[in-house]
Amino acid sequence: MAAMRCIEEKLEQGQVVLLDGATGTELEKRGVPMNSKAWSAEAIATHPSIVQAVHEDYIQAGADIVTVNSFSTARHMLLPAGLTGQFRHLNVEAVNLAIRARDTAGIQPVAIAGSIAPTTFCADPTKCYPPLHEAYLWYLEQAELLVEAGVDLLLIEMIEDIEQGSLAVKAACSTGVPVWLGFSCRRNDTNDLMLWGREHTLVEGVETIAKIGGSAAFIMHTDVYDTSEAFSQLKSSWKGTLGVYAHSGHFVMPHWKFNDTISPQAYAKEAGEWIKSGARIIGGCCGIGPAHISEIKRQYCSSKF
Ligand SMILES: [Zn+2]
């Protein structure tokens, strides 16, 4: 928990706290095959040294927090791939690899965040969400396992649906570790920015979920160039700590298309605007790697805002 105290101190002093960049897309960039149904989950068992190396590179780049590769290791994510028999092993190992990376890098303090994603990779996500009457227990099972394995906080990533997001946040909050909320947005047919599931506005999602818990809220896995608009909506509806980790490129399941990804310098320039608007925790999502994180560290992490 020393790492969390250090993060709180930095926030109190007006410093920028640095999250890592993407894990899944960075694994793919390094040649790790992505599972067609469970994306980066299997890499924990098949390519552990590369998973650990990604975490180490983010720690060397200056990240205060690394996120374990558990985005797609929830039971409902493993189910379509026939991998639920590995549920416990994959989640515990995901945490172990991040802890090992921190030990190997020899840099302290670094907090370790467990990722829980109330989303799916199915074309129609409603067919692959945990069944509503059991969803709380499915999210709780993963939250408790990650905490037991040693994470310092839980990051609810890609909140796209209010019902599923609320249950995941409630489960995470019941563990007692800090819970951070990651909201994802994209545009609908009429060009309005919506929660990723396109059923609800971001403000509806934030206002509902803020009543459940969470100590920081983020715009994440949202296109870099939609992020400023989404961030100003988040700011209007969330009174706690604010952060951003945007993506660049696009997904054609299970592959991330990197051909149009933003440069580290251009991403850092955008990050500067988010910081100016009040974001205090900055990182990167899909397509954003260690060089981007290192550039943000260089430009913003020795100043006070
Ligand atoms: Zn992403």
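Reader: Before we start, what does buried mean here?
Author: Buried means under 20% relative accessible area. This is a predicted model. Take Phe71: at 12% relative accessibility, Phe71 counts as buried.

Reader: Which aromatic cluster is Phe71 in?
Author: Phe71 forms one aromatic cluster with Trp39, Phe121, Phe251 and Trp256.

Reader: And how many aromatic pairs does the structure hold?
Author: Nine. One of them joins Phe71 and Phe121. That pair is tilted, with 6.2 Å centre to centre and 55 degrees between the planes.

Reader: Switching to charges. Which ring does Arg75 lie over?
Author: The face of Phe87, with Arg75 at 4.7 Å from the ring centre. Elsewhere, Lys170 lies over the face of Tyr136, at 5.0 Å from the ring centre.

Reader: Now the metal. Which protein atoms are donors of the zinc ion?
Author: His221 through ND1, plus Cys285 and Cys286 through SG. They lie 2.1 to 2.3 Å from the zinc ion.

Reader: What spacing do the donors follow along the chain?
Author: H-x63-C-C. His221 sits in strand β8 (residues 216-223), and Cys286 in the loop between β12 (281-284) and α12 (290-300), so the pair ties together parts that are 65 residues apart in sequence.

Reader: Are those two buried or exposed?
Author: Both His221 and Cys286 are buried.

Reader: And why does Cys285 count as buried?
Author: Because its relative accessibility is 10%, and the cut-off for buried is under 20%.

Reader: Disulfides next. How many does a search of the whole structure find?
Author: One. Cys122 and Cys128 form it, with their sulfur atoms 1.8 Å apart.

Reader: Left-handed or right-handed?
Author: Left-handed, because the torsion about the S-S bond of Cys122 and Cys128 is about -90 degrees.

Reader: How does Cys122 count, buried or partly exposed?
Author: Partly exposed, because its relative accessibility is 23%. Cys128 is at 16%, so Cys128 counts as buried.

Reader: What about Cys301, which cysteine sulfur is nearest?
Author: That of Cys6, 12 Å away. Cys301 is in no disulfide. Cys301 is also buried, with a relative accessible area of 13%.

Definitions and conventions:
Residues are numbered from 1 along each chain as its sequence is written. This is a predicted model: local features need pLDDT of at least 70, side-chain atom pairs count only at pLDDT 80 or more; totals for chains, interfaces and linings use all residues. Side-chain values use heavy atoms; hydrogens and water are left out. Donors are N, O and S atoms within 2.8 Å of the metal (3.2 Å for Na, K and Ca); water is not among the atoms, so sites may look incomplete. Helices (H or I, at least four residues) and strands (E, at least two) are DSSP runs, numbered from the N terminus. Buried means under 20% relative accessible area, exposed over 50%, partly exposed in between (1.4 Å probe, protein chains only). A disulfide is a pair of cysteine sulfur atoms within 2.5 Å. Rings of Phe, Tyr and Trp (its six-membered ring) pair if their centres lie within 6.5 Å; planes under 30 degrees apart count as stacked, over 60 as edge-to-face and the rest as tilted. A charge sits over a ring if NZ of Lys or CZ of Arg is within 6 Å of the ring centre and within 35 degrees of the ring normal.
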